[in-house]
Amino acid sequence: MSGLYLLDYGAGNVQSLANSLKKLGYQFTWISKPEDFQKATNLIFPGVGSFQSAIGHLQSRGLLEPLREYIKSGKPYFGICIGMQVLFESSAEASLKGLGIIPCPIEGFDDSDKAVPHMGWNAAEVVDPSQSSDGAKPSTHYYFVHSYCAKYNPEKYPEAMSWAYTTTQYGQEIFLSSVRKANVFGTQFHPEKSGEAGLALIDAWLKESPATHTSTPPAPLRTILPKPSHSLTKRIVACMDVRANDQGDLVVTKGDQYDVREKAVTADTAGAVRNLGKPVTLAEKYFEAGADELCLLNITSFRHSPLRDQPMLAVVRAAAERVFVPLTIGGGIKDSVDPDGTPRSAIEVAGAYFRAGADKVSIGSEAVYAVERLRASGWEKGDGTSAIETIAHAYGRQAVVVSIDPKRCYVDPATYQGPYAAELVYGKPDGPEKERGKAWWYQCTVSGGRETRDVSAVELARGVEILGAGEILVNLVDRDGTGLGFDLDLVNLIKRTVKIPVVASSGAGSAQHFVDVFTGTPVEAALAAGIFHREEVKIEDVKRALKEARINVRDP
């Protein structure tokens, strides 16, 4: 489509939308200077990150006023996430004003009854189904990741609410998940990360004629009452540990307690890196099977110099061109120094992965060190230098995942009076025999589980939330590769500690284990690796079991 332009304000993963457009067969041009707005006949603003960063970057590049004039011109505009939020008067996230086209503010979610950020697949309910012409269907699930929203309030903001195209409920709050009037369409969700439903929505909007864009009547104002529960689904995450084998090829591997070498089987495989497939091939397979998110963890030696790891960056680019659900990248997201002495900051590494197509980055050992410093300072606030803080400030907390890798630390339940007494978990009388009569706390590790630190998993969770992490991935070294199921005690400990989303990991051996973790804990997502790679359990099996247990999941 000639005249289609994309606006990149300079932060976050906008490559995903570019990949979606290429998948759909559209050509486009990036807005690079103010004059480009005059050339555009259709404009899409895909925004991730913070409201402050978006407005600040647009102002500094001289793009804010040309953007306002473009929208006023009547030409079609599609704003995604921040691209929708900038249409409003202001945001509680920053002191800067928005474009003021929609006369109400963006506000923060109430976290008293739910995790914030709002992260995952939720239903977008069309306010007036008779006016749906862009592919949106009643109760379609799309991918959301945000901490701020335009709350649905017709009494207080009747003019603004006339823009409402779809609404979504999270907890007991209802917000505008998309807006539509005249030439303007905006979504709080990310269609480029919403699988086939999102691709269909983008395609339908681009196929509309200019006349259709400018003739949509406002949605009718009506009272929408909260339902007993929201439609946010439980997420199933497929994880791939990626490393170079002894021949230098990148493969997906999996270890038992993090040992990825084959045991003695044959003369050819003894000691070799376990090879469970090619990362891009598996990523595409899991996307087609209905995985709600994908995670690629770089465990190669290149994690010490990630920006020189062109093969891993190439894997991310290739995967992002084939999968249209969120993609998390981990490994080497830290301040480092290249072999030639060039310093590399964590935010520089994260930026490279975001530009390659990642949506979130996962931080492990560096998070432990940052929380140790935070604890030493009295738990008030970070020093502003950690990878968590710098990346969250630039890209938004929703872009930062912290991976916790603890081990059980057993103590005498009768005599232990140490600093983690309040965090002790006790073996159940009817539990595994080796746990009966015992007690333990969860001690964090670094360096791939090889070194313990005097920090508990509870302390780490509490600390990373203070520093600005948007999600926590809870592993357990003791359970990794065992197939014994998720450690529900650990997951519940972390969920009671934080108000950000949590992903359960380590130990899944059957579809029933996913049912157990979602019925036994309030966790938002669960992750598995080896059982998917070896096809011992398929993603379809997991979702079928969850549906049979009346647990809300997304259909592929």
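**Exercise 1.** Find which residues lie nearest the centre of the second largest pocket, and work out where that pocket sits.

*Solution.* Start with the lining: 40 residues line the second largest pocket, and G49, E93, G396, R397 and Q398 lie nearest its centre. (On a 1 Å grid over the protein atoms alone, a pocket is an open set of points with protein on both sides within 12 Å along at least five of seven lines, a cavity is a set where a 1.4 Å probe fits but cannot get out, and lining residues have an atom within 4 Å of a point.) Next, the elements giving two or more residues are α3 (51-60), α5 (82-85), β7 (140-146), α13 (387-395) and α14 (457-467); helices (H or I, at least four residues) and strands (E, at least two) are DSSP runs, numbered from the N terminus. The largest share, four residues, comes from α13. Finally, domain 1 (4-214) and domain 2 (235-405 + 467-549) both contribute to the lining, so the pocket lies between them; the domain bounds come from an automatic or database assignment.

Before going on, a word on the model: it is predicted, so local features need pLDDT of at least 70 and side-chain atom pairs count only at pLDDT 80 or more, while totals for chains, interfaces and linings use all residues. Residues are numbered from 1 along each chain as its sequence is written, and side-chain values use heavy atoms, leaving out hydrogens and water.

**Exercise 2.** Track down the residues that line the largest cavity.

*Solution.* There are three cavities of 30 Å³ or more. The largest holds about 90 Å³ of space, where grid points are joined across faces, edges and corners and a volume is the space filled by probe spheres set on the points. Its lining includes V237, K360, V401 and L527. Now sort by element: β14 (293-298), β18 (360-363) and β24 (471-474) each supply at least two lining residues, and β14 gives the most, with three.
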